[in-house]
Amino acid sequence: MTTDPPAVTLGIDFGTLSGRALVVAVEDGAELGSAVHEYTHGVVDRELPRGVPLPPDWALQMPQDWRDVLRLAVPRALADAGVTPDQVVGVATDFTACTVLPTTWDGTPLCELPQYEHRPHAYPKLWRHHAAQPEADLIVEHAQRTGQPWLARYGGKISSEWQYAKALQVLREDPDVYAAADRWIEAADWIVWQLTGAESRNPCTAGYKGVRQDGRYPDEAFLSGLHPGFAGFTAKLEHPLTPLGAPAGRLTARAAELTGLREGTVVAAGNVDAHVTSAAAQALDPGRMLAIMGTSTCHILNSDVLVEVPGMCGVVRDGVVPGLWGYEAGQSGVGDILAWAVRTAVPEEYAADARRRGIGVHELLTERAAAQPVGGHGLLALDWHSGNRSVLVDHHLSGLIVGLTLDTRPEDVYRALVEATAFGTRTIVDAFEAAGVPVTDFTAAGGLLKNHFLMQVYSDVLNRPVHVLASAQGPALGAAIHAAVAAGAYPDIRTASAAMGRRQENAYTPDPARAAAYDRLYAEYQALHDHFGRGGNDVMHRLRALRSAALSTSPKM
Ligand SMILES: Nc1ncnc2c1ncn2[C@@H]1O[C@H](COP(=O)(O)OP(=O)(O)O)[C@@H](O)[C@H]1O
Ligand SMILES: O=C(CO)[C@H](O)[C@H](O)COP(=O)(O)O
């Protein structure tokens, strides 16, 4: 007797530095094979590939790097899993967001047209492009003045990371590129377009990053008040939305040739890396907060109720799963801040020790940092090296370390930074609870799970158990779950998540003595946070303005 080979789905996760494809069994979510492709150009933040220098706070990407994930990682993942294209019943993708690009009507990125290849604004802007803060400030000020009803659904502020600030920056700085952009599209939707040959839009990026609420984008009167040329901006976005977990289309012959998949394979609606991970971590029920902890952290939480939480990134109906209000908050820099410490605050002696022992510098610093009592380093840090996404929503804030002495060691700084990111998360959890959105449990996912000391710090600082997603491929697994729903294997995302997702309960539990000690440090963090973040001292903004002025005038010494 022969049995049919098992049905599988493919989840493709497009991260900040790489993209990965994961083959998953539809029946139980077993991970059968995967492959990663590191982007050739990574984050373009110094100069364009052809040598055009970029100003501070810019972060771009190259669409070809994303296509290469389809071309290279997908066939390798199928081979790794030992499955044939016929077994793949559905494909879904997820992307960083708001990573957004200008294209022509047929989806061609403007940066790939010869006449625009030297123009920085023709390139996709990565989620952590932070140069549109003046535009974000203008949007917030104008929205407050004109009483825009949607503003409260974004915690009272629109981030410079989101679609409108980035698009307005293009219009103000390169009106030709703005005019040439027939479509202004999230990479999350653009990649689906590459697979299906037809434009589609998803409610997750449209809601959280595109300010679409109650079926509408901000109106023309509001947009023209920002800039006369911005009045028709939403025409570049308008397109029917495909619900999450629904099919956006089918794989074209061209995409099948590129990926090695079968023409006609179902492709699910696009999605965001953080939000899609909730399905993988079985964190879709109301009150379950998921923190996706990597270069940055996103906090995702579903609820039955609509509440306007000050400083959150956004609340969107059906934004994570149909039928619930999905909340997002976040920290723009977490692993990125630790990477900064590893890159810049470690003497050669440490690097040599790590090399000798065959471990990474993160691991070395972690090991040394773990061997000290709470507060033993005498330091307190603010985790704003990449600005503050929640609850202050200000990307012109910056990092701070208080308490440095001549005795301070690199591992002390590293530990203080780990703790600062945990305090940042606690600030977000507290903001939800204070606003009336209960956080009944806390689950973590993402690349930082490998740092057990860091995870324990989070449990101690939050003074609650931390559950973890039991997969190293959270977003790709979440996408594969969405693919199974789009393929009709499950009736909805929550049912598919129960069958295919997995989590380890109580992976970390708080130590009462450390939790009490962290309560005292957290009180100090809150004081520092409010002093520098809520107007007590505006020095961080003044320093940034001085830096911009200094870098824009030429004489150097
Ligand atoms: N052992 C470690 N401890 C803490 N942070 C780490 C460690 N190893 C890598 N990192 C940081 O983790 C981040 C990468 O996280 P990951 O989840 O893999 O990526 P992404 O967020 O891009 O999906 C980087 O910022 C890196 O500096
Ligand atoms: O803001 C986001 C989602 O809303 C970004 O996608 C996210 O912060 C980037 O993710 P990662 O740190 O995993 O690369």
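Analyst: The protein chain exposes about 20800 Å² of accessible surface, and 53% of that belongs to carbon and sulfur atoms (areas by the Shrake-Rupley method with a 1.4 Å probe; for residues, only the protein chains shown count as cover). This is a predicted model, where local features need pLDDT of at least 70 and side-chain atom pairs pLDDT 80 or more, while totals for chains, interfaces and linings use all residues. Residues are numbered from 1 along each chain as its sequence is written, chains are lettered from A and ligands numbered from 1 in the order written, and side-chain values use heavy atoms, with hydrogens and water left out.

Of the 557 residues, 60% count as buried (under 20% relative accessible area; exposed is over 50%, partly exposed in between, with a 1.4 Å probe and protein chains only). The C-alpha trace spans about 70 × 65 × 50 Å along its principal axes. Among contacts (heavy atoms within 4.5 Å) with a separation of 6 or more, 73% join residues 24 or more positions apart.

Now the helix. The chain has 18 helices and 17 strands, taken as DSSP runs numbered from the N terminus (helices are H or I, at least four residues; strands are E, at least two). Helix α2 covers residues 133-145, and its 13 residues reach 18 Å from first C-alpha to last, close to the 18 Å expected at 1.5 Å a residue (the expected span is 1.5 Å times one less than the number of residues). Its buried residues are Gln133, Glu135, Ala136, Ile139, Val140, His142 and Ala143. An α-helix has 3.6 residues a turn, so residues three or four places apart point the same way. What covers the buried set of α2 includes α3 (163-173) and α7 (220-226). Just after α2, Gly147 takes a positive phi of about 60°.

Next, the buried spots. Trp184 sits in strand β6 (residues 183-186) and counts as buried at 3% relative accessibility. Beyond neighbours within four places in sequence, the contacts of Trp184 include Gln163, Lys166, Ala167 and Val170, along with Phe233 and Leu237. Ala167 is 17 residues from Trp184 along the chain, with 7.9 Å between their C-alpha atoms.

Thr93, in strand β4 (residues 88-95), counts as buried too, at 2% relative accessibility. With neighbours within four places again left aside, the contacts of Thr93 include Ile12, Phe14, Ile191, Leu195, Asn271 and Ala479.
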